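Here is a quick briefing for anyone meeting this structure for the first time. Have a look at the sequence and the model, then read on.

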Amino acid sequence: MTFNKIAALAFAGVMTLGVVATVAQDTFVAPTTPEAAVAAREALMKSNGATLKAAGALTGPEAAAAMQTLLDNFTHMPATFTEGSIVGDSEALPAIWQNWEAFNAIIETGKTAAADGMAAAETGDMTAYGIALKTIGGTCGTCHQQFRAK
């Protein structure tokens with residue numbers, strides 16, 4: 001194979017990776033209105049619920065992808081709780097903004113558990129993956145008990 005052919009194939013491979021990386025990128029856009037913030041956080045939480053419901057039966061790349069979804073959602077969560085975004089059918093309590101550090105600590109616990117679960121799924125450690133799922137479920141419950149209207 002000539003150098004030009006090798007260079008052309010290498011270039012094509014790099015371009016393909018660039019396209020795949022672009023398509024796989026997270027598309028979250030921070031909300032700009034209180035109504036959009038409520039809609040965004042409801043969508044993230046519904047996604048978390050559906051992902052958690054299915055995640056226990058997943059293994060390998062599917063399990064890692066589920067954890068990536070949860071990690072992305074926890075990463076974006078603070079941006080969906082803009083001050084003044086208790087509008088419409090929001091169930092958020094003012095305690096979120098009064099105890100912002102505690103609220104964010106719960107989110108950080110979820111992020112850490114999702115990252116740990118993703119690493120566990122990638123290495124096939126389903127025990128650690130299960131522990132991460134349990135931690136995330138507990139994180140959701142803790143947050144809802146403290147910061148969600150019943």
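Which helix gives the most to the lining of the largest pocket? That's H2, with five residues. Before the details, note that this is a predicted model, where local features need pLDDT of at least 70, side-chain atom pairs count only at pLDDT 80 or more, and totals for chains, interfaces and linings use all residues. Residues are numbered from 1 along each chain as its sequence is written, and side-chain values use heavy atoms, with hydrogens and water left out.

**Overall layout**

- The protein has six helices and zero strands, and its elements run α-α-α-α-α-α from the N terminus on.
- Helices (H or I, at least four residues) and strands (E, at least two) are DSSP runs, numbered from the N terminus.
- Out of 150 residues, 30% count as buried; buried means under 20% relative accessible area, exposed over 50%, and partly exposed in between, using a 1.4 Å probe and protein chains only.
- Among contacts with a separation of 6 or more, 74% are between residues 24 or more positions apart; contact means heavy atoms within 4.5 Å.

**The nonpolar core**

- The largest nonpolar core has 29 residues, and those with the most contacts inside it include Met67, Phe81, Ile96 and Phe147.
- Helices H2 (34-55), H3 (60-76), H4 (95-98), H5 (100-123) and H6 (126-147) each supply at least two residues of this core, and H5 brings the largest share, eight residues.
- A nonpolar core here is a set of buried Ala, Val, Leu, Ile, Met, Phe, Trp, Tyr and Cys residues joined through side-chain atoms within 4.5 Å.
- Leaving aside its neighbours within four places in sequence, Phe147 is in contact with residues including Glu91, Leu93, Ile96, Phe103 and Ile106.

- The largest pocket holds about 320 Å³ of space, and of the 16 residues that line it, the closest to its centre are Glu42, Met45, Glu91, His144 and Arg148.
- By class, that lining has eight nonpolar, two polar and six charged residues.
- The second largest pocket holds about 170 Å³ of space, with 13 lining residues, of which Met45, Asn48, Phe74, Cys140 and His144 lie nearest its centre.
- Its lining has nine nonpolar, four polar and no charged residues, and H2, H5 and H6 each supply at least two of the lining residues.
- On a 1 Å grid over the protein atoms alone, a pocket is an open set of points where a 1.4 Å probe fits, with protein on both sides within 12 Å along at least five of seven lines, and lining residues have an atom within 4 Å of a point.
- Grid points are joined across faces, edges and corners, and a volume is the space filled by probe spheres set on the points.
- For the classes, Ala, Val, Leu, Ile, Met, Phe, Trp, Tyr, Cys and Pro count as nonpolar, Asp, Glu, Lys and Arg as charged, and the others, Gly among them, as polar.

**The loop between H3 and H4**

- Ser90 lies in this loop and counts as buried, because its relative accessibility is 15%.
- The side chain of Ser90 reaches the backbone nitrogen of Ala92 at 3.1 Å.
- Leaving aside its neighbours within four places in sequence, Ser90 is in contact with Val38, Arg41 and Ser85.
- Pro94 lies in the loop too, but at 44% relative accessibility Pro94 counts as partly exposed.
- Pro94 and Arg148 are 54 residues apart in sequence, and 9.1 Å apart in space, C-alpha to C-alpha.

Methods: A polar contact is a pair of N or O atoms within 3.5 Å; within protein, one must be able to donate a hydrogen and the other to accept it, and residues adjacent in sequence count only if both atoms are side-chain atoms.
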